[in-house]
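Welcome, and please take a moment to look over the structure below.

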Amino acid sequence: MSDQIQTLPKVTIHFAGDSGDGIQLAGSQFTNTTALAGNDLSTFPDFPAEIRAPMGTVAGVSGFQINFGSEAIETPGGRPDVLVAMNAAAYRKNIGSLKSGGVVVLDTAGFDKRNLKLAGYGPEESPLAQKPDHLQFYEIDVTKLNREALSDLDLGRKERDRSRNLFVLGFLYFLYHRPLQPTLDFLRDKFESQPVVWEANKRSLRAGHHYGDTIEALTRYRIEKAELPPGEYRNVTGNVALSLGLLAASVRSGRSLFYAGYPITPASDILHELSRHKNYGAQTFQAEDEIAAITAAIGASFGGQLAVTATSGPGMALKTEGLGLALMLELPLVVVNVQRGGPSTGLPTKTEQSDLQQALYGRNGESPLPVLAASSPADCFQTAFEAARIALEHMTPVILLSDGYLANGSEPWRFPSTEQLNPIQPPLAANAPHDKTPYRPYQRDERLVREWALPGQAGLEHRVGGLEKEVETGHVSYHPENHETMVRLRAQKVQKVAHDYPATQLVQGSKDDKLLIVGWGHTLGAIKVAVRRMREKGHPVAQLHLKHIWPPAQDLPALLQSFPQILVPELNDGQLIHLLRDRFLVAAQGLNKIQGRPFLADEIEDEALKMLSND
Amino acid sequence: MTETPPTTYKAKDFSSDQEVKWCPGCGDYSILSQMQKVLPELGIARENIVFVSGIGCSSRFPYYMNTYGMHSIHGRAPAVATGLKMANPDLSIWVITGDGDGLSIGGNHLAHLLRRNVDVNVLLFNNEIYGLTKGQYSPTSEQGKYTKSSPLGSLDHPFNPLSFALGSDASFVARTLDRDPTHLREVLQAAEQHRGTSFVEVYQNCNVFNDGAFQIFTDKKQKAAHTLSLLPGEPLVFDEGRKGLKINGLKPEIVDLAEGNSLNDLWIHDPEDPTKAYLLSRLFGEDEPRALGLIYQEERFTYEQAAQNQLEKAREVIGPPDLDSLLRGKHSWTVS
């Protein structure tokens with residue numbers, strides 16, 4: 001054993017292979033083990049839209065990136081330090097982005113003639129003979145070694161090859177000093193009922209680990225525990241955190257959850273997650289289409305439940321009329337848009353922030369409603385809880401914006417206890433005495449919120465509908481002044497949601513800085529890294545990140561106007577920036593990227609420094 | 001939930017304080033009036049009744065009922081009703097729709113409501129025309145109809161609403177008329193008593209844009225020859241006992257009872273036979289009698305009950321809610 005041990009503050013590993021190679025499983029197991037080892041981390045899976053894209057081709061490459069370390073980790077990392085390539089296509093797609101001095105772990109069996117051709121290499125090209133010399137290579141015949149490890153098991157060749165990903169995972173666990181036990185536990189839970197498959201998976205994982213032990217002159221790495229704030233942690237993806245936020249809101253409001261959805265990438269995992277928790281009285285309804293999903297949710301809301309529907313861009317377009325109805329009825333409803341690249345079907349598995357204006361303005365008539373955005377996978381929990389609170393307490397539909405990056409990405413989450421979550425108090429109507437006065441369903445309290453009277457409550461019988469209503473009585477009214485009054489009442493009701501917000505706080509920096517970077521949604525991490533670096537070098541840069549996009553916080557205008565320069569990075573062609581310029585008359589500048597890929601911190605830093613030097 | 005003694009209701013207790021604004025002479029008035037008469041007989045507390053509608057003339061119905069109600073958006077009432085019934089299975093829910101709302105813009109939702117068998121009642125007011133938008137042909141209008149939007153005659157082949165419902169696996173299918181109050185009340189009662197989605201097509205005269213569309217089925221002199229009243233276990237006779245229907249293999253055959261055909265040879269109505277129900281729904285031609293009454297009924301589990309059963313089962317298998325353990329998940333660690 002001639003191992004050298006090197007301690008690193010953080011590492012970014014990119015797993016890549018065919019979409020049938022088990023890349024996502026290897027990535028998520030490495031993540032789970034790393035979280036339990038006490039590192040801070042952030043992950044980002046990147047897979048093709050096709051279930052099994054053509055084998056061996058670049059189009060069929062599935063990727064999973066994890067950034068982990070002993071220091072604070074804000075993003076899944078930019079250029080990786082380590083590339084795991086299960087075949088030539090995975091290598092070809094990713095080799096160019098590796099950091100100088102990086103490490104490549106590859107399965108040589110995936111570089112035979114056929115695979116090279118499928119990956120698009122010419123007959124004379126031999127990538128392994130022309131390796132970049134600044135990289136360190138582990139060329140392992142994983143397929144052969146793995147088959148040998150499983151030779152006495154009653155399995156066909158295909159079944160044997162299926163656990164190649166675990167061989168590689170075992171090797172990485174060796175390189176990075178990770179324990180095997182969490183993955184062994186996972187394999188037991190998953191394959192207990194299929195003893196031979198379970199055995200094969202265990203053996204592959206151990207064989208990969210032993211392989212690391214037997215090869216010589218290997219550098220191993222140690223990544224110390226991160227200094228996270230004290231508390232209890234778990235790892236969580238955005239879609240799971242969002243689902244848990246909805247369930248928590250159901251428990252804390254005493255309203256059963258009704259979730260209606262139509263399968264759509266990348267929102268479907270919310271439906272999958274919630275359908276596992278029916279013991280909470282949570283009903284999940286897989287509707288015939290997006291329109292039925294939102295209108296069934298409206299029906300459930302009329303019936304007194306915490307009604308939620310989730311979708312992605314094209315589905316959101318279909319829900320527009322339903323949103324208008326919920327707004328007109330003034331019933332609570334949470335509509336989640338897990339954004340993806342658009343327009344139309346767009347880029348189903350890639351991330352983008354291009355549905356903000358749709359959320360703010362995409363309805364007929366004057367129809368403002370609260371819009372919130374989650375900023376990290378774990379933050380999806382708090383944002384979902386907050387969206388449900390606003391919907392229930394203010395009797396309004398609320399749009400919650402997530403996106404593909406948050407939905408599938410993961411990070412450690414310091415989860416709250418039940419008591420740390422404030423109770424939610426919807427304005428339920430008291431049972432009425434039996435008298436002759438008809439119930440007035442559109443009477444409002446001081447927050448302009450109407451009561452929630454539920455079918456089944458005697459004496460409160462009333463009719464609601466999409467036609468304009470008379471103030472207080474809710475009767476159909478076409479009266480000109482009444483219409484204007486009602487439009488303004490509905491808008492003011494939404495404005496008053498901002499009275500609940502805490503004071504706006506900068507993420508970094510102070511009002512004395514020169515440049516403010518304003519973000520929303522998943523860009524929080526990349527902007528944080530960029531601003532931290534600039535501040536360490538002494539640049540006067542501050543960071544603000546918006547969770548409540550509509551209505552805006554009341555202290556927001558003064559805060560924005562106190563900065564001479566404002567930069568708004570968005571993964572779109574400029575959407576929040578229009579709102580800021582329009583509402584607050586600030587001369588903000590945009591930084592826009594529309595590639596279905598998140599920002600790199602460098603891109604934000606470069607732009608900010610340019611602005612500071614031009615001043 | 002508060003219970004009001006239902007026996008004390010009169011028809012006027014179900015009439016809201018809103019002025020009814022259908023055109024004078026509209027068939028909708030009759031349906032509204034029969035509904036208000038039937039409800040006191042059903043023994044359901046008023047607060048447990050909800051009318052849900054889409055868009056169109058018929059869809060104004062909920063505003064005129066002193067119950068809970070929702071005038072929703074075009075075609076989507078079946079989905080609204082599904083969510084509401086799942087939220088509160090104790091409610092008696094009535095979906096009021098029309099031929100345009102239910103079969104054109106909302107055809108998808110109607111089909112799915114029927115196959116799921118949510119325990120709600122659907123009344124499809126069929127006037128074979130678009131009334132609220134002032135007279136365009138509808139999905140049940142006859143081919144070649146001259147309207148504002150079809151000055152050269154409409155091209156569309158019409159829907160047969162009963163065949164549509166049977167094709168969607170509806171568990172209760174019936175047809176009635178606005179002009180026969182007694183029959184209408186009987187069908188409404190049977191619909192409410194059925195567990196599962198009850199689909200009721202109501203022939204409804206639009207005296208402004210499509211007057212007389214169903215005249216041969218309602219006119220005193222003509223109706224006997226053109227309608228077939230269905231009674232379970234009874235032979236299919238019409239035209240005041242002069243004619244009957246035999247079944248020849250899978251082919252209905254109109255026979256003259258005066259010409260030596262016996263009642264014993266006739267088709268006996270069995271509303272539990274889906275094949276024969278379909279054949280009855282296909283009596284759609286000009287020289288065939290139109291079937292009225294209960295065409296088909298079957299007992300099948302209801303969607304909302306199955307959903308409730310899953311909730312109960314989950315509580316048994318997974319255990320009672322425990323938010324703290326749910327948030328902690330399977331793998332957590334402590335940083336101190």
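The report below goes from chain A as a whole to its helices and sheet, and then to chain B.

This is a predicted model, in which local features need pLDDT of at least 70, side-chain atom pairs count only at pLDDT 80 or more, and totals for chains, interfaces and linings use all residues. Residues are numbered from 1 along each chain as its sequence is written, chains are lettered from A and ligands numbered from 1 in the order in which they are written, and side-chain values use heavy atoms, with hydrogens and water left out.

**Chain A at a glance**

Chain A holds 20 helices and 22 strands. Helices (H or I, at least four residues) and strands (E, at least two) are DSSP runs, numbered from the N terminus. Along the principal axes, the C-alpha atoms of chain A fill a box of roughly 90 × 65 × 50 Å. A compact globule of 615 residues would have a radius of gyration near 25 Å, and the 27 Å of chain A agrees with that. The radius is taken over C-alpha atoms, and the globule rule is 2.2 Å times the number of residues to the power 0.38.

Axes are lines fitted to C-alpha atoms, for helices over the stretch in contact, and angles run from 0 to 180 degrees between N-to-C directions.

| Helix pair | Angle | Axis distance |
|---|---|---|
| H1(A) and H6(A) | about 30 degrees | 10 Å |
| H6(A) and H8(A) | roughly 40 degrees | within 7 Å |
| H1(B) and H6(B) | about 50 degrees | 9 Å |

Angles under 35 degrees count as roughly parallel, over 145 as roughly antiparallel, 65 to 115 as roughly perpendicular and the rest as oblique. H1(A) and H6(A) are therefore roughly parallel to each other, while H6(A) and H8(A) are oblique.

The crossing of H1(A) and H6(A) is right-handed, and H6(A) passes H8(A) in a right-handed crossing too. A crossing is left-handed if the near helix is turned anticlockwise from the far one by less than a right angle, and right-handed if clockwise.

Which residues bring H1(A) and H6(A) together? On H1(A) they are A:Leu25, A:Ala26, A:Gln29, A:Phe30 and A:Thr33, and on H6(A) they are A:Asn165, A:Leu166, A:Leu169, A:Leu172 and A:Tyr173. The residues of this contact divide into seven nonpolar, three polar and no charged. Contact means heavy atoms within 4.5 Å. Ala, Val, Leu, Ile, Met, Phe, Trp, Tyr, Cys and Pro count as nonpolar, Asp, Glu, Lys and Arg as charged, and the others, Gly among them, as polar.

H6(A) also meets H8(A), with A:Phe167, A:Gly170 and A:Phe174 among the residues on the H6(A) side and A:Leu205, A:Gly208 and A:Tyr211 among those on the H8(A) side. The residues of that contact divide into nine nonpolar, six polar and one charged.

**A four-stranded sheet in chain A**

Further along, chain A has an open sheet of four strands in the order S19-S18-S21-S22, with parallel pairing. Strands S19 (541-546) and S22 (589-592) each have a single partner strand, so one side of each is left without a neighbour in the sheet. The twist averages 25 degrees from one strand to the next. Two strands pair if DSSP finds at least two bridges between them. Six bridges join S18(A) to S19(A), and A:Gly519 has A:His545 as its bridge partner in S19(A). Helix H19 (residues 576-584) of chain A packs on the sheet, and its direction makes about 150 degrees with that of S21(A). Helix H20 (residues 601-614) of chain A packs on the sheet as well, at about 160 degrees to S21(A).

An open sheet of nine strands, with mixed pairing, has the order S17(A)-S2(B)-S1(B)-S3(B)-S4(B)-S6(B)-S5(B)-S11(B)-S7(B). Its edge strands are S17 (463-465) of chain A and S7 (227-229) of chain B. The twist averages 20 degrees from one strand to the next. S3(B) and S4(B) run parallel, joined by five bridges, and B:Val95 has B:Val122 as its bridge partner in S4(B). H6(B) packs on this sheet, its direction making about 160 degrees with that of S5(B).

Lastly, S9(B) and S10(B) run antiparallel and are joined by six bridges. Their hairpin has two residues between the strands, and B:Gly249 takes a positive phi near 65 degrees there.
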